[in-house]
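Please open the model in your viewer and keep the selection panel at hand.

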Amino acid sequence: MAGELSIISRSFYSCMDAVSIARELLGTILYTEINPGEITTGRIVETEAYMAPEDLACHARGNKRTSRTETMFARPGTAYVYKCYGIHDLFNLVTAPENVAHAILIRAIEPLKGIDLMATRRKMDRKKVELVNGPGKLTKALGISTLHDGIDLASEFSPIQILKSEKAPNFKIIAGPRVGMSHHTKHCGHYPWRFRISGNRYTSLPKEVRYEW
DNA sequence: ATAATGATTCGCT
DNA sequence: GCGAATCATTATG
């Protein structure tokens, strides 16, 4: 059980386009209980949207269906976890109705519960922002791996869940270009589809600010 | 069957 | 700042 905070329902993940959901997810809580009692939670502070078929930066660009991208076509609220550079497991939430391959990459969190466990998993001091300020870092800290690819995030029985949370009074979002775009993504690499909570120390510094809300 | 590549991270200079 | 680490996935032969 996730405790006092309520889980975000499946309908949320298809009620808007992925870019809007990427913004709405900022401030919500990423919860994991990988093994019984091993609870870790963090506030989502940085996200990126990917939207097939037009988005060339998306794995499912052109609605390409492969054994890996198949998960992106699953029902909304599904976890898409894949291996990057052979080393890091990156965590995404599938959005949009089934057979529409949209997803949100979680890029950074602010640690809340189970920080000692995160530090143990990361072999790092619990106070460092480097504990969780990157997509491959936070999955390791929270115990998320490719074993969780395809699981349902909208179930109370899942080891990974997304929970509602009140936004801070001074809550503000900053948008900018996505990171890690290779040359073949062309103009898509410049879309301002990366979002972070303004002023939060657990996000990386802005390279280029495009819009603010 | 083989080869290229990446939504990254870390350690060293 | 730069380059290595490291392997699943993908395309191609």
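Begin with the second largest pocket, which has a volume of about 170 Å³; a pocket here is, on a 1 Å grid over the protein atoms alone, an open set of points where a 1.4 Å probe fits, with protein on both sides within 12 Å along at least five of seven lines, and lining residues have an atom within 4 Å of a point. Grid points are joined across faces, edges and corners, and the volume is the space filled by probe spheres set on the points. This is a predicted model, in which local features need pLDDT of at least 70 and side-chain atom pairs count only at pLDDT 80 or more, while totals for chains, interfaces and linings use all residues. Residues are numbered from 1 along each chain as its sequence is written, chains are lettered from A and ligands numbered from 1 in the order in which they are written, and side-chain values use heavy atoms, with hydrogens and water left out.

To display this lining, select Gly-27, Arg-43, Glu-110, Glu-166, Lys-167, Ala-168, Asn-170, Phe-171, Ile-197, Ser-198 and Asn-200. By class there are three nonpolar, four polar and four charged residues, where Ala, Val, Leu, Ile, Met, Phe, Trp, Tyr, Cys and Pro count as nonpolar, Asp, Glu, Lys and Arg as charged, and the others, Gly among them, as polar.

Of its 33 lining residues, Tyr-82, Cys-84, Tyr-85, Leu-90 and Gly-180 lie nearest the centre. The helix α3 gives the most to this lining, with five residues; helices (H or I, at least four residues) and strands (E, at least two) are DSSP runs, numbered from the N terminus.

Now select Arg-107, which is placed in strand β5. Arg-107 is buried, with a relative accessible area of 14% (buried means under 20%, with a 1.4 Å probe and protein chains only). Beyond four places in sequence, its contacts (heavy atoms within 4.5 Å) include Glu-46, Glu-48 and Arg-194.

Finally, show DNA strand B, around which there are 23 residues, with Tyr-82, His-88, Asn-92, Arg-122 and Gly-136 coming nearest (a residue is near a strand if one of its heavy atoms lies within 4 Å of it).

Methods: Buried < 20%, exposed > 50% of the residue type's maximum accessible area, 1.4 Å probe, protein only.
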